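Take a walk through this protein.

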Amino acid sequence: MSLDGLEKKKTIDLRKKHIGPSCKIFFSHDPIKIVKAKGQYMYDEKGQRYLDCINNVAHVGHCHPDVVKAGAEQMGLLNTNTRFLHDNLVLYAQRLQATLPDKLSVCYFVNSGSEANDLALRLAWQYTGNKDIITLENAYHGHVSSLIDISPYKFHQLSDAEQSHFVHVAPSPDVYRGKYSADRSDAATAYADEVKDIIEKVHKKGHKIAAFIAESLQSCGGQVIPPVGYFQQVAEHVRKAGGVFIADEVQVGFGRVGSQFWAFQLQGDDFVPDIVTMGKPIGNGHPMSCVVTTREVAEAFMSSGMEYFNTFGGNPVSCAIGLAVLDVIEKEDLQGNALRVGQYLTSVLEKQKEKHPLIGDIRGRGLFVGVELVKDRVKLTPATAEAQEVIYKLKEQYVLLSADGPHRNVLKFKPPLCFTTEDADLVVEKIDPILKELEEALGLKANNSANTENEKRRKLSTDENGHSGLNYSNEGVQEQTKQRKRVKT
C-alpha cells in the first residue's frame, strides 16, 4: 500500500481553504485521513485499519476487484451518452427490472439519489397533474432544492425557512417512540389514517395530491421499520386521491434487508409502488442511480412534449459497473449474508440489551440495524451525548459507526454486505465496556423494575415490525441460507 501524499495537517489546511465550510467531515476535532479501502475495511495514511460499519455505498465491499475491472475495461473501450445504441444500457435495464415486480418496467438512469428523487417528483407531477406532496417526519430524500422542500430532516435545520405550502408532513411510522407505539395492534392503520386525514385537509383547501414519498425504511430518521400493512393502506388512500406512491430505496435496496432484494417488499407481495428510486449501493461507489416506474407513468411523462436527456446517466461505464455489482451480489450470496449476519448481529445486540439499560430498542432488517440509546426506558429520554461518546470511543479503537435519528441517539449499522459474524462480535465486544462506563457515570442499573415493566409493555414480534426480538420472519431464509462459500473481498 502506497501511503505517499500530503501530510495530514496540509490536507486539513487545504480543505479549510478550498472546500465549502458547510461540507462536514467525520470526527472534525481529529478527522481520519483515508487512503485505501478493501472489503469492509478502510486504511488511514499510516496503514491503520478501521472496520467500516457505516458505508452502505460500498455495497459489495470497498474496491471490489470485479467491479473495478468491469469499469476499467469499459472505460478503455467507450464511454458516451444514451443517444447512441449500446448493449450495456438495455442489458442492465433488463437485469435490474428482473429484480422488481413486472409492472415496474421502465428505467431512467441518472447519477445520484438526489437526481433520482427529483426526477420521481417530476414524473408524479406530470402523470397526476397535481402538485402537493406528502412526506414523513424526519425524512431525507436529497440535497437539491425540490428535495430539501420535502425533507424535514433538512428543512427543520433552517431557522428562517418556511415549509412549502404544497408539502405536507405525516408522522413517521415509528412504533418505538412515535405517536402510535408497538403495543397497538393497529399501528399500521393508525399511521395510515394520519395520511388519510392529511389528504382530506388538502382537498378542503382546494389542492390535490401528486404523491406520497417515503424511504422504504427510514435511515436518517433513525432506522425506522414501518409496521407491515402501512404502505398498502397509504397507497390505497393516495391512489384514491389521484396520487402515486414513491418508494425511496436509495439507502436500503439491493439485498441489504436480507430476506428481500428491495426493502419495500418487506410489506408483502400485495404492495407495489408506482415509482421506485435507487442510488448509493447501485454502483458500489460509482456515481449512478435509477428511477423505475410503470409504462403508464412513463407515457404520461413523454406526453409533456419535453425530451428527457441526462448527459452521464446510463453511460456504458456506469452500466458495466451496475451489472458487475449485481453479479457479485449473486455470486457471493451477499443478500443471504446480509440475512444471516444481520440476524446474528441483532442476536448479540439483544444480549447486550439485557445487560445495558442504556439500550432502549434494537430494530432492523438484515444489515440495516439501529440501536436506540435512552436514559430511561419508560420516558424514552434520548441519550444523545452518550451515543456520540460511543461513536468517538469506537473510533479510538478503529471501528467506524455513526449515530442518527431526530435526537442523534440511534447507533446505525449499515456496513458493506461482506460484513461477517466475526466483525459483528468485534464491534459488540467493544461497545459493551463503553456502555458500562457510561451507565456507571449516569448511575443507571440494569433490570430495574421500571425497565422490566416497560419491556413487557413493548414486547412485540419482530415479524411484525422489526423491533425487540429475535424471531425474524423465516420468509426467504431457506433460500438465503444455502451454505455456499463466499468469495472474500
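Two strands count as paired if DSSP finds at least two bridges between them. Keep that rule in mind for every sheet below.

The model is a predicted one. It holds 16 helices and 16 strands. Of its 489 residues, 56% count as buried. The protein exposes about 21900 Å². Carbon and sulfur atoms supply 50% of that area. Now consider contacts with a separation of 6 or more: residues 24 or more positions apart account for 73% of them.

Strand 2 (residues 41–44) and strand 3 (residues 49–52) run antiparallel, joined by three bridges. Y43 stands opposite R49 in strand 3. These two strands form a hairpin with four residues between them. In this hairpin, G47 takes a positive phi near 90°. Strand 3 and strand 14, by contrast, run parallel. Two bridges join them. There, L51 stands opposite V399 in strand 14.

Which order do its strands take? The order is 4-10-9-8-7-5-6, again in an open sheet with mixed pairing. The edge strands are strand 4 (106–110) and strand 6 (167–170), and each pairs on one side only. Neighbouring strands of this sheet are turned by 20° against each other on average, direction ignored.

Go inward to strand 7 (residues 209–215). Is this strand enclosed or open to the outside? Seven of its seven residues are buried, so strand 7 is largely enclosed by the rest of the structure. Buried here means under 20% relative accessible area. Strand 5 (residues 132–136) runs parallel to strand 7, and three bridges join the two. I134 stands opposite F212 in strand 7. Strand 7 also runs parallel to strand 8, this time with five bridges.

Continue to strand 8 (residues 244–248) and strand 9 (residues 275–278). They run parallel and share three bridges. I246 has I275 as its bridge partner in strand 9. In a regular strand, side chains alternate between the two faces of the sheet.

Now turn to the helices. Helix 9 lies across strand 4, strand 9 and strand 10 (289–293). Helix 9 runs at about 60° to strand 4.

Helix 9 also meets another helix. Two packed helices are described by the angle between their axes and the distance between the axes. The axes of helix 4 (residues 113–128) and helix 9 (residues 295–302) come within 8 Å. They cross at roughly 80°. Angles of 65 to 115 degrees count as roughly perpendicular, and helix 4 and helix 9 are therefore roughly perpendicular to each other.

Which residues make this contact? From helix 4 come L119, R122, L123, Q126 and Y127. They meet E296, V297, A300 and F301 in helix 9. By class, the contact has six nonpolar, one polar and two charged residues.

Technical notes. Residues numbered from 1 in each chain as written. Predicted model: local features only at pLDDT ≥ 70, side-chain atom pairs only at ≥ 80, totals over all residues. Heavy atoms only, no water. Buried < 20%, exposed > 50% of the residue type's maximum accessible area, 1.4 Å probe, protein only. Contact = heavy atoms within 4.5 Å. Areas by Shrake-Rupley, 256 points an atom, 1.4 Å probe, with all protein chains shown as cover. Axes fitted to C-alpha atoms, helices over the stretch in contact; angles between N-to-C directions. Parallel < 35°, antiparallel > 145°, perpendicular 65-115°, else oblique. Nonpolar A, V, L, I, M, F, W, Y, C, P; charged D, E, K, R; others polar.
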